[in-house]
Amino acid sequence: MSQESSERTDPPDRREGDLTRTGMALKHDREWDYELDRIVAEVDERGAETVGLQFPEGLKRRGPRVADDLRAELPDGVTVMMSGQPCYGACDLDTDLLRRTDVFVHFGHSPMKESEKIIYVPLFSNVDVFPIMERAATEELAPAEDDPDVGLVTTAQHMNKFDEMRAWLEDRGYTVHVRKGDDRLTHEGQVLGCNYASADVDAEQILYVGGGKFHPLGLAMEHPDTQVVIADPVNNAVSVADTEQFMKQRYAAVHKAMDAEEWGVIFCTKIGQGRWDQAREIVENDDAYLITMDEITPDRLTNFGLDAYVNTGCPRITTDDGPQFKQPMLTPQEYRIAVGEEPLEALEFDTFHGTW
Ligand code: SF4
């Protein structure tokens, strides 16, 4: 057991989320609660001999330290393995490592589908969200006197603060509209890069609390008549989501693909990214070829030499990484537009519903 994780004192003036000296923080990282005690207890209860750890890309560098602290607490003879596969969501479980281990721990995402064998450790951020919400309310949200209705959404990392965020807005006179999306989402108010169903609320303004522009851009695309205000506590920035640049990029990709004679249709084999019906529908056309793959990268497609591709896997690969591909990479709906089955004006953000 590491020295720090053996200490159990709870300083009375500790801010919520501050894991220092709580026994939950890693020796090397005070920012996240890796729930080592829960993992150790599960290993013990199941008499596990093998433990698999899967981290999202941004936290992989913490992996060896998590393994250090776990190995210090686990009995001799328990083997700890880390997944080296890319991982961007709970849709992306390393199923091979899952099969090979008695206990499988997926860090950093909330469950897309519960399973007895998998321990999900969500890794909530301990960043203080309220100063940036204050700025967002002052600078961009309509005052409660003018428009009291506001939707509230956030990402899994800040979900532990969601009730406080809601109360904070209510204290300022807002009527806060929240809902749980579909079964791809675990929590009320949670959004994913591919699913904004929790924002289908009766409000003309939505406050998104979370890092970066990745999520709110999809949110604004999916809800074009709604003002999406971004309160980003990670980068300490407030802005309003603007989809213009994004739409231009998508129109350009569709136009470029209109001349394509042969199409590659990608079916993603990652457990939570497969849309078989959509892929099969497109390959009913003779000029389309079904390609199965897990990680979708430009290099992996080069040797097929096709004119354009349709991605039925993670929508963000198409929209965020699309420009890196040598040939146009379209969403299933953009394909229908490119081949003349739908008008260009119908273009929508590609969202993903359900699990597996
Ligand atoms: S499919 Fe959805 S949940 Fe999975 S990585 Fe892509 S955006 Fe995230």
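1. Helices here are DSSP runs of H or I with at least four residues, strands are E runs of at least two, and both are numbered from the N terminus. Lying across rests on contacts, meaning C-beta atoms, placed from the backbone, within 7 Å. Angles run from 0 to 180 degrees between N-to-C directions, with axes fitted to C-alpha atoms, for helices over the stretch in contact.

2. Before going on, a word on the model. It is a predicted one, so local features need pLDDT of at least 70 and side-chain atom pairs count only at pLDDT 80 or more, while totals for chains, interfaces and linings use all residues. Residues are numbered from 1 along each chain as its sequence is written.

3. Two strands count as paired if DSSP finds at least two bridges between them. Strand E7 (residues 205-209) pairs with strand E8 (residues 227-232) in the parallel sense over five bridges, and Gln 205 sits opposite Gln 227 in E8.

4. There is another open sheet, with four strands in the order E2-E1-E3-E4 and parallel pairing. Here the edges are strand E2 (79-82) and strand E4 (118-121); each has a single partner strand, so one side of each lacks a neighbour in the sheet. Strand E1 (residues 50-54) and E2 pair in the parallel sense over four bridges. Look for Gly 52, whose bridge partner in E2 is Met 81. Helix H1 (residues 36-46) packs on the sheet and touches E1, strand E3 (103-107) and E4, making about 165° with the direction of E3. Helix H2 (residues 63-73) lies across E1 and E2, at about 170° to E2.

5. How is the protein divided into domains? The assignment, from an automatic or database source, gives domain 1 (4-121), domain 2 (130-240) and domain 3 (245-346). The C-alpha centres of domain 2 and domain 3 are 30 Å apart, and their contact takes five residues from each of the two.

6. Next, the ligand. Among the residues surrounding it are Tyr 88, Asp 92, Cys 194, Arg 316 and Phe 352; to be near, a residue needs its C-beta atom, placed from the backbone, within 6 Å.

7. Finally, how far can you trust the model? The average pLDDT, the predictor's confidence in each residue from 0 to 100, is 90, and 91% of the residues score at least 70. Over residues 1-28, though, pLDDT is below 50, and this stretch has 37 contacts in the model beyond near neighbours in sequence.
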